[in-house]
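Here are some notes to read beside the structure.

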Amino acid sequence: MWIYEKKLQYPVRVDTTNPALAQMIIEQFGGADGELSAGIRYLTQRWAMPTNQAKALLTDIGTEELAHWEIIGTIVWKLVKDAPIEQIKGTPFEAHYVNHGKSPYPHDASGVPWTAAFINSKGDPIADLHEDMAAEEKARATYEWLINICDDPGVKDALRFLRQREIVHFQRFGEALRIVQEELDRRKYY
Amino acid sequence: MDREQKMLLKEIMDYSFALVETALYLDTHPYDEEALKLHNGFSQKYSQLVSLYQAKYGPLKNNQMSGCPWAYINGPWPWEIDFDL
């Protein structure tokens, strides 16, 4: 089960209201390689994992991804909450606004809604852990593109933190893959 | 949220994050005694700070005790906090 802790994993500072930037950041809220995909992917893959290390890791990283999803939602919210209509009209956020107001919604930067088709759970731990490692690298790349287009120091700081977490997760998934491979080899030969 | 509450919350956030990091590492290195020592130290400090916060400002989790009225609902909620001190 889960229990909510009333705090963010990382303090989110936003320096300037910027609806156009919010629309780009929302890529990581509901995009293919975003935090929602990551969380649902890892938590869904746990049942078919053969080792306790992999079960624990998918549980803990999957849970951390939900905390990252909350960070992204907070960045988006803080970027738009004080925006007057004049500052929304004519920006890429306008299309979001006419459907969702200022509330975040899980779609990508171009408005494609989140779908379970973004993730997989193959019931094959080798395939799943490779997908997870690729997912972390794709998320890292997305954060790098976002950092490149972001000129808000507070938002940039949070994006750098999140980028760093992708690297740590990639490392841990690689270790889990090696452990799972050893376990599967052991079962085969003894 | 006054400065004192914010500083205590940020300290809890620091330890909480450190615990996530040591936990992930331990998930794939369960026999690493050095990492376990680090994790257990963070955990002890985290529990102390959470108890202190709960007594002063109310629950961070809905399974903690509260005075009347139920203080869990009090704002600001995490996404509303201005983290500039």
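1. A residue is called buried if 20 or more other C-beta atoms lie within 10 Å of its own, and exposed if 12 or fewer do. The model is a predicted one. With that cut-off, helix H3(A) is mostly covered, since eight of its 11 residues are buried. The buried residues are Glu35(A), Leu36(A), Ser37(A), Ala38(A), Gly39(A), Arg41(A), Tyr42(A) and Gln45(A). Charged side chains are among them: Glu35(A) and Arg41(A) are both on the list.

2. Next comes the pairing of H3(A) with H4(A). Two packed helices are described by the angle between their axes and the distance between the axes. For H3(A), residues 35-45, and H4(A), the angle is about 160° and the axes are 8 Å apart. An angle over 145 degrees counts as roughly antiparallel, and therefore H3(A) and H4(A) are described as roughly antiparallel to each other. Their crossing is left-handed. On the H3(A) side, the contact is made by Glu35(A), Leu36(A), Ala38(A), Gly39(A), Tyr42(A), Leu43(A) and Gln45(A). On the H4(A) side, the residues are Leu58(A), Ile61(A), Gly62(A), Glu65(A), Leu66(A), His68(A), Trp69(A) and Ile72(A). Sorted by class, this contact has nine nonpolar, four polar and two charged residues.

3. An α-helix has 3.6 residues a turn, so residues three or four places apart point the same way. Keep this in mind when looking at the contact lists. On H4(A), Leu58(A), Ile61(A), Glu65(A), His68(A) and Ile72(A) are among the residues that meet H3(A).

4. Which chain B helix does H4(A) pack against? The axes of H4(A) and H1(B), residues 3-28, come within 8 Å and cross at roughly 160°. H4(A) and H1(B) are therefore roughly antiparallel to each other, and the crossing is left-handed. From H4(A), the residues involved are Gln53(A), Ala56(A), Leu57(A), Asp60(A), Ile61(A) and Glu64(A). From H1(B), they are Val20(B), Ala23(B), Leu24(B), Asp27(B) and Thr28(B). By class, the contact has six nonpolar, two polar and three charged residues. Ile61(A) is listed in the contact with H1(B) and also in the contact with H3(A).

5. The interface between the chains can now be taken as a whole. In it, 24 residues of chain A are in contact with 18 residues of chain B. Two helices of chain A, H4 (52-80) and H8 (153-189), each supply at least two residues to the side that touches chain B. H4(A) gives the most, with nine residues. That side of chain A has 12 nonpolar, four polar and eight charged residues.

6. Chain A has eight helices and zero strands. Its C-alpha trace spans about 70 × 30 × 30 Å along the principal axes. The radius of gyration is 18 Å, which agrees with the value near 16 Å that a compact globule of 190 residues would have. Of those 190 residues, 43% count as buried. Among contacts in chain A between residues at least 6 apart in sequence, 78% join residues at least 24 apart.

7. Chain B has two helices and zero strands. Is chain B a compact globule or more spread out? Its radius of gyration is 15 Å, well over the 12 Å that the globule rule gives for 85 residues, so chain B is more spread out than a compact globule. Its C-alpha atoms fill a box of roughly 45 × 30 × 20 Å. Buried residues make up 14% of chain B. Among its contacts between residues at least 6 apart in sequence, 46% join residues at least 24 apart.

8. The last point concerns one residue, Leu49(B), which lies in helix H2(B), residues 33-57. Leu49(B) has 18 C-beta neighbours inside 10 Å, and so counts as partly exposed. The C-alpha atom of Leu49(B) is separated by 23 Å from that of Glu34(B), 15 residues away along the chain.

Methods: Residues numbered from 1 in each chain as written. Chains lettered and ligands numbered in written order. Predicted model: local features only at pLDDT ≥ 70, side-chain atom pairs only at ≥ 80, totals over all residues. Contact = placed C-beta atoms within 7 Å. Helix = DSSP H or I, 4+ residues; strand = E, 2+ residues; numbered from the N terminus. Rg over C-alpha atoms; globule rule 2.2 N^0.38 Å. Axes fitted to C-alpha atoms, helices over the stretch in contact; angles between N-to-C directions. Parallel < 35°, antiparallel > 145°, perpendicular 65-115°, else oblique. Left-handed = near helix turned anticlockwise from the far one by under 90°.
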